[in-house]
Amino acid sequence: MSLCLGIHYLAGYAVATDPASRRRAEWPPHPARVFMALAAAHFETDADPAEAEALRWLEGAGEPVLYATEADERPAVETFVPVNDKPTGSGMLQSVTGLTRSRQPRMFPRVWPHDERVYLLWPDADASLAGHRAALEQLCTKVTRIGHSSSLVQMWVDDDISAADGPHLRWEPDDLEADVRLRVPSGGLLGRLAADFDRERRPSVGTWRGYRRPREVDPEVPGSIWDPHLIVRRLEPTEENAHRRLDLVATLQVMTAMQRAVLSRAAEPVPEFISGHRAGGSPTDRPHLAYLPLAFVDQEHATGHLLGLAVAVPAGLERAERYAALAAVGEVEELHIGRLGAWRLVADDQGRHNLRSETWTGGADGARHWSTVTPIAFDRHAKAKDREGRDQELAGMIRQCCVRIGLPEPAHVIIRPVSEHLGVPAAHEFPRLSRKDGSERRHVHASLIFHEKVRGPIALGAGRFRGYGFCRPLRNRRVV
């Protein structure tokens with residue numbers, strides 16, 4: 001037996017503030033917000049006991065699957081709103097002539113969904129649902145808004161979600177591979193909301209759950225050995241940290257610290273796809289985790305500082321293997337990077353451009369034109385004596401590096417001392433990788449143009465598992 005609640009945003013937009021930022025709109029609607037709208041309709045009418053029982057059943061029914069389309073959001077504008085009249089010392093309201101009102105800044109962020117209908121589905125509701133269905137249908141008819149008073153809706157109980165075909169995306173509860181974190185109902189929520197209602201307090205919900213978007217890629221687009229859906233973490237300095245941000249040139253230190261932290265938290269024996277080594281300690285031939293820097297680059301006023309990091313998981317892992325990797329990464333909540341101090345790792349669900357997987361991997365469609373964000377380090381020295389010959393030899397090595405990670409050879413490879421991406425430091429500013437004999441590896445920036453679109457992540461060269469040779473698509477550039 002299943003339960004489906006349908007929501008139609010009648011004005012064509014949704015107005016609700018994201019709990020994590022008052023400047024952003026909440027989308028998709030959090031299941032807890034929908035529950036609170038049902039509870040408000042219950043409290044503000046006749047408080048039918050059958051409705052209360054239905055709501056108690058719903059708060060214990062688990063997290064629903066969401067069906068919602070993408071939505072367009074515009075920057076929120078700060079508005080100053082007058083509050084209610086203030087009483088005088090005698091308890092009377094101030095006279096009109098002496099009336100003063102303190103205006104408070106408010107924002108009303110909103111989104112315009114591509115389809116105004118949203119569905120919440122409980123696919124495996126137990127048989128007791130039948131006894132509460134009529135009360136839920138009655139409650140839905142009383143709901144007039146979800147979020148702000150201008151966010152008008154119509155709600156109903158549906159038998160299925162056939163109407164959700166087409167542009168609707170399926171958002172599934174998944175803490176390990178979460179794209180966003182949403183508030184959800186939990187046991188006792190109705191009682192807490194009733195107490196808040198009686199005391200005229202703003203309701204609060206403290207239970208959050210991860211939700212995952214569909215994992216869709218175009219199978220015709222060549223991809224690298226890593227899954228294009230990255231595990232993204234934002235870097236935040238701890239309170240005692242003297243450093244407030246990290247520069248891109250610190251990539252090697254940060255990624256090495258992350259690699260060691262993940263290895264220390266992985267279950268024993270550590271598998272090859274996490275450690276990069278066989279049981280005897282020799283390097284594995286299997287693809288393994290790569291640690292990649294996510295920096296503020298390729299935008300106006302870009303500074304090149306690290307916003308966060310990503311962990312790329314090998315493509316094609318069995319589900320149990322993938323979850324073992326995700327669990328090890330999820331255990332790392334703080335990094336200690338020597339003189340660079342301690343940094344918190346925070347799952348980012350605000351959709352920041354430079355912390356999105358598709359920004360760095362090319363998305364489902366991929367891209368033809370790529371440029372390095374960190375320089376490519378080489379396994380061997382170029383033998384040519386003149387610069388032109390040396391660059392041709394290095395370009396040949398980079399073509400081999402592309403093939404090594406599962407990509408076709410690029411049509412053009414251009415060796416550069418600087419990146420095409422704004423904000424990226426020159427190659428000579430990055431620390432060099434060391435060989436086992438103590439000598440240093442040469443590294444360079446490069447631009448790559450492929451015959452066809454390819455999908456990342458693309459990390460090339462000797463330091464590819466620790467953030468070197470990391471490439472990012474160049475958008476809106478003319479490709480020859």
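Modeller: Let's get one term out of the way: a residue is buried if its relative accessible area is under 20%, exposed if over 50%, and partly exposed in between, using a 1.4 Å probe and protein chains only. By that rule, 48% of the 480 residues in the protein are buried.

Keep in mind that this is a predicted model, in which local features need pLDDT of at least 70 and side-chain atom pairs count only at pLDDT 80 or more, while totals for chains, interfaces and linings use all residues. Residues are numbered from 1 along each chain as its sequence is written, and side-chain values use heavy atoms, with hydrogens and water left out.

The pLDDT (the predictor's confidence in each residue, from 0 to 100) has a mean of 87 for the protein, and 89% of residues reach 70 or more. Contact here means heavy atoms within 4.5 Å. Of the contacts in the protein between residues at least 6 apart in sequence, 78% join residues at least 24 apart.

You'll find nine helices and 26 strands; these are DSSP runs numbered from the N terminus, with helices being H or I over at least four residues and strands being E over at least two.

Now your helix: let's take α7, residues 319–330. From first C-alpha to last, its 12 residues reach 16 Å, close to the 16 Å expected at 1.5 Å a residue (the expected span is 1.5 Å times one less than the number of residues). Which residues of α7 are buried? They are Arg322, Ala325, Leu326, Ala328 and Val329. Looking down the axis of α7, these fall within an arc of 160°, so they line one face of the helix; the arc is that of the directions from the helix axis to the C-beta atoms. In general, an α-helix has 3.6 residues a turn, so residues three or four places apart point the same way. Arg319 and Ala320 are exposed, on the face of α7 turned away from the buried side. And what covers the buried residues of α7? The cover includes β15 (231–237), α5 (251–265), α6 (272–275) and β18 (305–312).

On to the charged pairs. A salt bridge is a side-chain nitrogen of Lys or Arg within 4 Å of a carboxyl oxygen of Asp or Glu, and the count comes to 22. One of them pairs Glu236 with Arg234 at 2.6 Å, N to O. Glu236 is partly exposed at 23% relative accessibility, whereas Arg234 is buried at 18%.

Another salt bridge joins Asp379 and Arg404 at 3.5 Å. Asp379 sits in the loop between β22 (376–377) and α9 (387–404), and Arg404 is in α9 itself, so the pair ties together parts 25 residues apart in sequence. Both ends are partly exposed: Asp379 at 47% and Arg404 at 43%.

Elsewhere, salt bridges with shared partners link Arg170, Glu172, Asp174 and Arg212 into one network.
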